[in-house]
Amino acid sequence: KNLSKNTLINIGYSSETNNGNPTKRRFNVGVVGTSSDGKILAWLEGIIYNDNRGSNELRYGLTSGITYILNSKTKLIIESTMIQNLLYQIGIGAKVEVTKNLTLGLEGRLTMYPGSSIDYFYGINITHLFDSPMYETNKEPNLFEDDYEL
């Protein structure tokens, strides 16, 4: 739901069942906003869920991030995720448009677990859009329809 031209709120709920009994539930509420010039996109989302099948133990999480559009071909992204008693993760990345249909991305993530255990992840991704004319429209661009994830 758009709250204003530059802000929207999203609310979601999902549930899985096994033999008619709920086994996995998730509820989330988030806010996404852009700067007036459209160069910065920021988000914050809270999550309540149970992931242990057959258990009613709820976990809480929070994710946030910022995307900065450096120029028409380059985006920088910083993202943070915290899940209660499970992990804290911070990621940083960049996406560069190589051609109209090809994007190259680099990312790194640091994940910290209870008990001082730490994992590192580094990745490269390449995205190729095969049928770009299919996605072209004449309508006004909407910043919320683009890919802002790492």
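**Notes on the strands, salt bridges and surface**

1. Glu-97 counts as partly exposed, at 30% relative accessibility. Here buried means under 20% relative accessible area, exposed means over 50%, and partly exposed lies in between (1.4 Å probe, protein chains only). The side chain of Glu-97 meets that of Lys-73 in a salt bridge, at 3.8 Å from N to O. Since Glu-97 lies in strand β7 and Lys-73 in the loop between β5 (59–71) and β6, the pair ties together parts that are 24 residues apart in sequence. Lys-73 is likewise partly exposed, at 41% relative accessibility.

2. A word on the basis of these notes: this is a predicted model, in which local features need pLDDT of at least 70 and side-chain atom pairs count only at pLDDT 80 or more, while totals for chains, interfaces and linings use all residues. Residues are numbered from 1 along each chain as its sequence is written, and side-chain values use heavy atoms, with hydrogens and water left out.

3. Now the overall make-up. The protein has 0 helices and 9 strands; helices (H or I, at least four residues) and strands (E, at least two) are DSSP runs, numbered from the N terminus. Of its 150 residues, 28% count as buried. Among contacts between residues at least 6 apart in sequence, 34% join residues at least 24 apart, where a contact means heavy atoms within 4.5 Å.

4. How is β7 paired? Its partner β6 runs antiparallel to it, with 10 bridges joining the two; strands pair if DSSP finds at least two bridges between them. Met-82 stands opposite Tyr-88 in β7. The hairpin of β6 and β7 has 3 residues between the strands, and Asn-85 takes a positive phi near 55° there.

5. β7 also runs antiparallel to strand β8 (residues 102–112), with 11 bridges joining them. This hairpin connects β7 to β8 through 2 residues. Gly-93 stands opposite Glu-107 in β8.

6. How many salt bridges does the structure hold? There are 3, a salt bridge being a side-chain nitrogen of Lys or Arg within 4 Å of a carboxyl oxygen of Asp or Glu. One of them joins the side chains of Glu-79 and Arg-109, at 3.2 Å from N to O. Glu-79 lies in strand β6 and Arg-109 in strand β8, so this pair ties together parts that are 30 residues apart in sequence.

7. Salt bridges that share partners join Glu-79, Glu-107 and Arg-109 into one network. Glu-79 counts as buried because its relative accessibility is 13%, and Arg-109 is buried at 18%.

8. The accessible surface comes to about 10,400 Å², with 57% belonging to carbon and sulfur atoms; accessible areas come from the Shrake-Rupley method with a 1.4 Å probe, and for residues only the protein chains shown count as cover. A nonpolar patch of about 1,100 Å² is made by residues including Leu-44, Met-82, Tyr-88, Ile-90 and Tyr-122. Patches are made of residues with over 30% relative accessible area and no salt bridge, with like charges joined within 9 Å and nonpolar side chains (Val, Leu, Ile, Met, Phe, Trp, Tyr) within 5 Å. β6 (74–83), β7 (87–99) and β9 (118–128) each supply at least two residues of the nonpolar patch. Ile-90, found in strand β7, is partly exposed, with a relative accessible area of 35%.
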